[in-house]
Amino acid sequence: MQNFLQYYIKLREKYGKLLEGRHGIDSLSRDLLIAWLVTGFLNGFIRSGIVTLAALLLPIVSLLRIFSKNDVRRGIENRKYLSARKKTADFFKLSARKFKERKTHKYYECSNCSAVIRVKREKGEHTVVCPKCGKELHVKIR
Ligand SMILES: [Zn+2]
């Protein structure tokens with residue numbers, strides 16, 4: 001037990017020294033490594049040049065990012081990636097919700113601020129106030 005603990009502490013020190021002054025692992029690097037595992041797996045089934053190329057390049061790009069000394073640039077890349085990932089996730093969440101509530105609600109986009117407005121599906125003309133900017137919208141549900 002004592003030996004294992006000493007070994008673990010030594011390993012942690014070595015790991016710390018290895019990444020000293022380096023960017024380290026962030027969401028983008030981690031997801032690139034996950035994508036590498038997926039493309040590596042797919043490469044066994046799909047004979048495609050793009051999949052093979054991705055399986056070769058993804059770990060290289062990820063490792064270059066992890067050991068990069070340009071922390072500012074890698075941080076900007078990671079923030080852009082996280083923003084794009086959130087936008088994509090939000091799009092799919094909203095699409096799933098629209099589909100689930102397609103018989104009870106209608107969704108509109110505010111012409112002023114592009115906020116998504118959910119309106120109960122009741123026949124007739126309605127005046128809806130955007131919760132974000134306060135603009136009144138006239139909607140017609142048939
Ligand atoms: Zn609005």
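The following legends describe close-up views of a predicted model.

**View 1. The two domains of the protein chain.** The protein chain is divided into domain 1, covering 21–96, and domain 2, covering 101–142. The centres of domain 1 and domain 2, taken over C-alpha atoms, are separated by 37 Å.

**View 2. Tyrosine 15 in helix H1.** Helix H1 comprises residues 2–18 and includes tyrosine 15. Tyrosine 15 has 10 other C-beta atoms within 10 Å and is therefore exposed, since a residue counts as exposed if that number is 12 or fewer. Serine 95 lies 80 residues from tyrosine 15 along the chain, and the C-alpha atoms of the two residues are separated by 43 Å.

**View 3. The crossing of helices H2 and H3.** Helix H2 (residues 27–43) and helix H3 (residues 49–66) have axes that come within 8 Å and cross at roughly 160°. Because angles over 145 degrees count as roughly antiparallel, H2 and H3 are roughly antiparallel to each other. The crossing of H2 and H3 is left-handed. On the side of H2, the contact is made by Leu28, Ser29, Leu32, Leu33, Ala35, Trp36, Thr39, Gly40, Leu42 and Asn43. On the side of H3, the contact is made by Val51, Thr52, Ala54, Ala55, Leu58, Pro59, Val61, Ser62, Arg65 and Ile66. The residues of this contact comprise 13 nonpolar, 6 polar and 1 charged.

**View 4. Glycine 49 in helix H3.** Glycine 49 is located in helix H3. With 7 other C-beta atoms within 10 Å, glycine 49 is exposed. Glycine 49 and glutamine 2 are 47 residues apart in sequence, and their C-alpha atoms are 50 Å apart in space.

View 5. The phi angle of serine 114 is near 65°, which is a positive value in a residue other than glycine. Serine 114 has 10 other C-beta atoms within 10 Å and is therefore exposed.

**View 6. Valine 116 in strand E2.** Strand E2 contains valine 116. Valine 116 is partly exposed, because 15 other C-beta atoms lie within 10 Å, a number between the limit of 12 or fewer for exposed residues and that of 20 or more for buried ones. When neighbours within four places in sequence are left aside, valine 116 is in contact with Leu94, Tyr107 and Glu109. Aspartate 71 is 45 residues from valine 116 in sequence and 36 Å from valine 116 in space, C-alpha to C-alpha.

**View 7. Glutamate 136 in strand E4.** Strand E4 spans residues 136–141 and includes glutamate 136. Glutamate 136 counts as exposed, because 9 C-beta neighbours lie inside 10 Å. Not counting residues up to four places away in sequence, glutamate 136 touches Thr127 and Val129. Alanine 115 is 21 residues from glutamate 136 along the chain, and the C-alpha atoms of these two residues are separated by 12 Å.

How values were computed
Residues numbered from 1 in each chain as written. Predicted model: local features only at pLDDT ≥ 70, side-chain atom pairs only at ≥ 80, totals over all residues. Helix = DSSP H or I, 4+ residues; strand = E, 2+ residues; numbered from the N terminus. Axes fitted to C-alpha atoms, helices over the stretch in contact; angles between N-to-C directions. Parallel < 35°, antiparallel > 145°, perpendicular 65-115°, else oblique. Left-handed = near helix turned anticlockwise from the far one by under 90°. Contact = placed C-beta atoms within 7 Å. Nonpolar A, V, L, I, M, F, W, Y, C, P; charged D, E, K, R; others polar. Domains from an automatic or database assignment.
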